Amino acid sequence: MNRAQLLDEAARTAKAVPQPAPGTGREEDEVLAAYGVQRELVQLRLDRGDRLAGVKLGFTSEGKRRQMGVHDLILGQVTEGMAVADGADIDISGFIHPRVEPEVVYLLGRRIATVADALAPDAVVAVAPGIEIIDSRYENFRFSLADVVADNTSAAGFAVGPWQPYDPGAWNRGVVFELDGRAVHVGSTAAILGDPRRAVVEAARLAAAVGVELEPGWLLLAGAATPAEPLVPGSHVRTEIQGLGSVSFTAR
Ligand code: OOG
């Protein structure tokens with residue numbers, strides 16, 4: 001089995017694989033090769049009938065970079081099969097060691113291939129509060145930057161709340177992340193790359209590495225504004241973003 005097949009099997013059987021031995025090349029080269037693995041890995045899902053729903057950025061906030069010991073932004077791909085309905089009860093037995101984190105989700109209004117496209121007024125047309133489920137396919141959630149890129153940036157699930165019109169001026173909104181009705185993290189959307197609008201530019205840049213152009217109607221999960229928390233059966237998870245409303249689900 002190649003690396004993509006190994007990671008795909010780990011996700012399908014909910015059994016973690018050991019972190020690969022460190023590569024010997026330059027980190028940039030390893031990461032670029034890892035985007036090739038990610039492309040193959042996602043293609044295996046698409047071959048089973050899943051469809052791309054958009055992309056996600058990882059490590060856009062200092063809190064997340066510190067939590068995971070990495071130093072650069074990464075891009076992953078999300079599929080329709082990963083979607084969790086707002087308010088749903090979800091079975092988490094198919095995950096390995098899932099974690100949850102609050103997200104800002106953008107709805108893209110145009111095809112975005114270049115930085116100029118990313119800055120166009122209709123690049124983002126709506127915004128919503130979100131929750132991402134991440135589930136590293138590596139043992140103990142331990143990985144290098146290249147490892148996590150190959151593993152589609154731990155992408156495993158996502159929930160999106162009600163859409164609101166996008167207001168580029170409102171980039172500093174409070175984020176409250178709750179578990180079982182208790183606020184476990186509070187943050188600001190401004191923690192995401194300083195200004196979350198930069199997320200669109202970064203996503204367009206990194207998407208080239210997996211050979212995709214961002215499509216109108218796709219989601220962009222802009223990255224967690226706070227560290228992630230373990231998701232266990234019985235957890236009720238909720239993200240509220242000031243002025244945007246909330247999204248939640250319960251794990252079984
Ligand atoms: C990688 C995914 C990180 C984020 O928002 O920073 C991520 C991981 O921590 O396993 O999605």
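I began with D8, which counts as buried because its relative accessibility is 5%; buried means under 20% relative accessible area, exposed over 50% and partly exposed in between, with a 1.4 Å probe and protein chains only. A note for anyone following along: this is a predicted model, where local features need pLDDT of at least 70, side-chain atom pairs count only at pLDDT 80 or more, and totals for chains, interfaces and linings use all residues. Residues are numbered from 1 along each chain as its sequence is written, and side-chain values use heavy atoms, with hydrogens and water left out.

**Entry 1: D8 and its helix**

I placed D8 in helix α1. Helices here are DSSP runs of H or I with at least four residues, strands are runs of E with at least two, and both are numbered from the N terminus. Which residues does D8 contact, leaving aside its neighbours within four places in sequence? I found L41, L44 and R48, where contact means heavy atoms within 4.5 Å.

**Entry 2: α1 against α2**

Next I looked up how α1 (residues 3-13) sits against α2 (residues 27-47): their axes come within 8 Å and cross at roughly 50°. The axes are lines fitted to C-alpha atoms, for helices over the stretch in contact, and angles run from 0 to 180 degrees between N-to-C directions. I therefore wrote the pair down as oblique to each other. Angles under 35 degrees count as roughly parallel, over 145 as roughly antiparallel, 65 to 115 as roughly perpendicular, and the rest as oblique.

I then listed who meets whom: R3, A4, Q5, L7 and D8 from α1 meet V37, E40, L41 and L44 from α2. By class, I have five nonpolar, one polar and three charged residues in this contact. For that tally, Ala, Val, Leu, Ile, Met, Phe, Trp, Tyr, Cys and Pro count as nonpolar, Asp, Glu, Lys and Arg as charged, and the others, Gly among them, as polar.

**Entry 3: the loop between α1 and α2**

I picked two residues here, P18 and G23. Is P18 buried or exposed? P18 is exposed, at a relative accessible area of 55%, and G23 is partly exposed at 46%. Not counting residues up to four places away in sequence, P18 touches Y138 and E139.

**Entry 4: D86**

I found D86 in the loop between β3 (83-84) and β4 (89-90), partly exposed at 39% relative accessible area. D86 and F249 are 163 residues apart in sequence, yet their C-alpha atoms are 6.1 Å apart. Beyond its neighbours within four places in sequence, D86 is in contact with V160, G161, P162, S246, V247 and S248. For S248 I noted its backbone nitrogen, 3.0 Å from a polar atom of the D86 side chain.

**Entry 5: positive phi**

Which phi values did I find for F141 and D180? F141 has a positive phi near 60° and is not a glycine; D180, also no glycine, has one of about 50°. F141 lies in the loop between β6 (124-134) and α5 (145-150) and is buried at 6%. D180 lies in the loop between β9 (174-179) and β10 (182-188) and is exposed at 54%.

Notes: A polar contact is a pair of N or O atoms within 3.5 Å; within protein, one must be able to donate a hydrogen and the other to accept it, and residues adjacent in sequence count only if both atoms are side-chain atoms.
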